[in-house]
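Have the structure open while you read.

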Amino acid sequence: MKKALTIAGSDTCGGAGIQADLKTFSALGVYGMSVITAVTAQNTQGVFGVLDVTTEIIEKQIKAIFEDIEVDAVKIGMVSMIDTIKTIAEGLKTYQPKNVVLDPVMISKSGYDLLNKEAKETLINELIPLATLITPNIPEAEVISNIKIKTVEDMEQSAKIIYDMGVKNVLVKGGHLELEEKEAIDILYDGQTFNYYKAPIINTQNTHGTGCTLSSAIASYLALEKDMKEAVRLAKLYITMAIEQAFSIGKGVGPTHHFFDLYKKAGLMQ
Ligand SMILES: Nc1ncnc2c1ncn2[C@@H]1O[C@H](COP(=O)(O)OP(=O)(O)O)[C@@H](O)[C@H]1O
Ligand SMILES: Cc1ncc(COP(=O)(O)O)c(N)n1
C-alpha cells in the first residue's frame, strides 16, 4: 500500500487541515500519516485560537515517521511560524522524500491568519525550493509573486514568477477568481508549458478545506505513481465532486465530502 504524510494543522471541525488530508488519503486508497504543526480551535464560522506545537515535537514527529516508514508523498499545509518552517525544511533535506506538495496556507476562508505575517519570507525562501509542486490560491499567489491577479494571463505570469523561485511545478488555483465563463480554472506550470484544468463553478457556500483536499488528493495520486499532469487532472475531478457533494454542518462554511463509493464508481480510486 502506498503511504502519504501530511504535515499540517489540526482543524477541530474536520473540514480542513490534517482531518481533510487524512480523509482524502483514505478515500483514494492511500495509507495516511500526520505530523501536526498546530492545533486550531475552529468551526464553520471561524478560528478561535491556535496553539503552535513546539519545534522539538515537530522534529520528533518527522523523525518518528521517516526513520521507520517509507513515505511515497508528503503534503505540507499550515506551517504557522518561522521556526516551524525551518524545522520542516531541515526534515525534508535530511529525508529527501520523492514528492512534496506544498499548499502555502496563509489565511483561512473565515479570515484568520494561519501563517504569521513575518513567516512569509521564510516559507518562500526555505520551503518553495524543496517542493515538487506548490498550490497557491489567488491571494497566496499574489503575495508570493508580488503581482495583482485579475485574469488568467495574470495567473500565468504569477506561476512563472513562482517557478523561478526554485519549485519544480506551480499550480495556481482559480477558485477565488471571478470569471465571466463561471469556471473554476487552475493553471499548472512546469517551467515549459501551461496546462489548464477547468470545472464549472458550483454554487455553494460549503468550501471549507477545498485547498487542503485538492493538495492532498494530488499528493495521493503522486504516491500512486501518476505523473504530475495526471495527478492534477484526477485530483481536480476529486475536488469538484467533493464540492458538489459538500454539505452544511453548523452555521457557516461547511466541509467538502469525501465519499468513498462515489469516487470508486467514477473510477478515481485504485
Ligand atoms: N465554487 C467552486 N466550484 C468549483 N470548484 C471550486 C469552487 N471553489 C473552489 N474550487 C476549486 O477548488 C480547488 C481549491 O481552490 P481554492 O478555493 O482557490 O483554494 P483555497 O481553498 O486554497 O482557497 C481548486 O481546484 C478550485 O478551482
Ligand atoms: C488547520 C487548517 N489548515 C488549513 C485551513 C485552510 O482551509 P480554508 O482555506 O478552507 O479555511 C484551515 N482553515 N485550517
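## How the helices cross

H7 passes H8 in a right-handed crossing; a crossing is left-handed if the near helix is turned anticlockwise from the far one by less than a right angle, and right-handed if clockwise. The two pack at an angle of about 140°, with axes 8 Å apart. Axes here are lines fitted to C-alpha atoms, for helices over the stretch in contact, and angles run from 0 to 180 degrees between N-to-C directions. H7 and H8 are therefore oblique to each other (under 35 degrees counts as roughly parallel, over 145 as roughly antiparallel, 65 to 115 as roughly perpendicular, and the rest as oblique). The labels come from DSSP runs numbered from the N terminus: helices are H or I with at least four residues, strands are E with at least two.

H7 also meets helix H1 (residues 17–27): their axes come within 9 Å and cross at roughly 40°. That makes H1 oblique to H7, and this crossing is right-handed. Helix H5 (residues 138–145) and helix H6 (residues 152–163) cross at roughly 50°, with axes that come within 9 Å. Their crossing is left-handed, and H5 and H6 are therefore oblique to each other as well.

## What kind of model this is

This is a predicted model, where local features need pLDDT of at least 70, side-chain atom pairs count only at pLDDT 80 or more, and totals for chains, interfaces and linings use all residues. Residues are numbered from 1 along each chain as its sequence is written, while chains are lettered from A and ligands numbered from 1 in the order in which they are written.

The protein chain has a mean pLDDT of 95, and 100% of its residues reach 70 or more (pLDDT is the predictor's confidence in each residue, from 0 to 100). Both ipTM and pTM come out at 0.97.

## Around ligand 1

There are 18 residues around ligand 1, and Asn137, Gly175, Ala184, Ile202 and Gly211 come nearest. To count as near, a residue needs its C-beta atom, placed from the backbone, within 6 Å. Strand S8 (183–189), helix H7 (210–223) and helix H8 (228–244) are the elements giving two or more residues to this shell. H8 gives the most, with four residues.

By type, the shell around ligand 1 has seven nonpolar, eight polar and three charged residues. Ala, Val, Leu, Ile, Met, Phe, Trp, Tyr, Cys and Pro count as nonpolar, Asp, Glu, Lys and Arg as charged, and the others, Gly among them, as polar.

## Around ligand 2

Ligand 2 has 17 residues around it, with Gly9, Ala16, Gly17, Ser108 and Lys109 coming nearest. Strand S1 (3–11) and H7 each supply at least two residues of that shell. Its residues divide into six nonpolar, nine polar and two charged.
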